[in-house]
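User: I would like to learn how to read the features of this fold. Please take me through them one at a time.

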Amino acid sequence: MKVINTEKAPEALGPYSHATEINGLVFTSGQIPLNLEGEIVSDDVKVQTQQVLENLKVVLDQAGADLDSVIKATIFIADMNEFQNINEIYGQYFSDHQPARSCVEVARLPKDVKVEIELIAKVK
């Protein structure tokens, strides 16, 4: 198993890595909408979703994968009423390639953000 970390994504909030790779599969930790300084980028769910996906792109890149190699996405949202807004931004990143996906509303997310996403991808 290989531990993946990158200085291009916000530091982990606890004792975990950005991702792990095993047998050619990359499992990312959930990313929330933090910038490199560890600050929440916006209160707007669309801006938050975009930041999360940008964070995931750099983590995948560090692991030798990319968004086109994503097999499964799991989205955690604080309010299911925001689903369409999140989906709109998500669709900009996954238009031609559409991996399997789950989306669940949760009671609360770290730092009270509105969205968190984790991915499983295949190393290129």
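User: Across which strands does helix α1 lie?

Analyst: Helices (H or I, at least four residues) and strands (E, at least two) are DSSP runs, numbered from the N terminus. Contact means heavy atoms within 4.5 Å. Axes are lines fitted to C-alpha atoms, for helices over the stretch in contact; angles run from 0 to 180 degrees between N-to-C directions. Here α1 (residues 45-63) lies across β1, β2 (19-22), β3 (25-28), β4 and β6 (115-122). Its angle to β6 is about 30 degrees. Helix α2 (residues 83-93) lies across β4, β5 and β6, at about 150 degrees to β4.

The model is predicted: local features need pLDDT of at least 70, side-chain atom pairs 80 or more, while totals for chains, interfaces and linings use all residues. Residues are numbered from 1 along each chain as its sequence is written, and side-chain values use heavy atoms, without hydrogens and water.

User: In what order do the strands of the sheet run?

Analyst: Two strands pair if DSSP finds at least two bridges between them. The open sheet has 6 strands, ordered β1-β2-β3-β6-β4-β5, with mixed pairing. Its edge strands, β1 (2-4) and β5 (100-105), each pair on one side only. Strand-to-strand twist averages 15 degrees. Strands β4 (residues 70-77) and β5 run parallel, joined by 6 bridges. K72 is opposite A100 of β5.

User: Is T6 buried or exposed?

Analyst: Buried means under 20% relative accessible area, exposed over 50%, partly exposed in between (1.4 Å probe, protein chains only). T6 has 10% relative accessibility, so T6 counts as buried. T6 is in the loop between β1 and β2.
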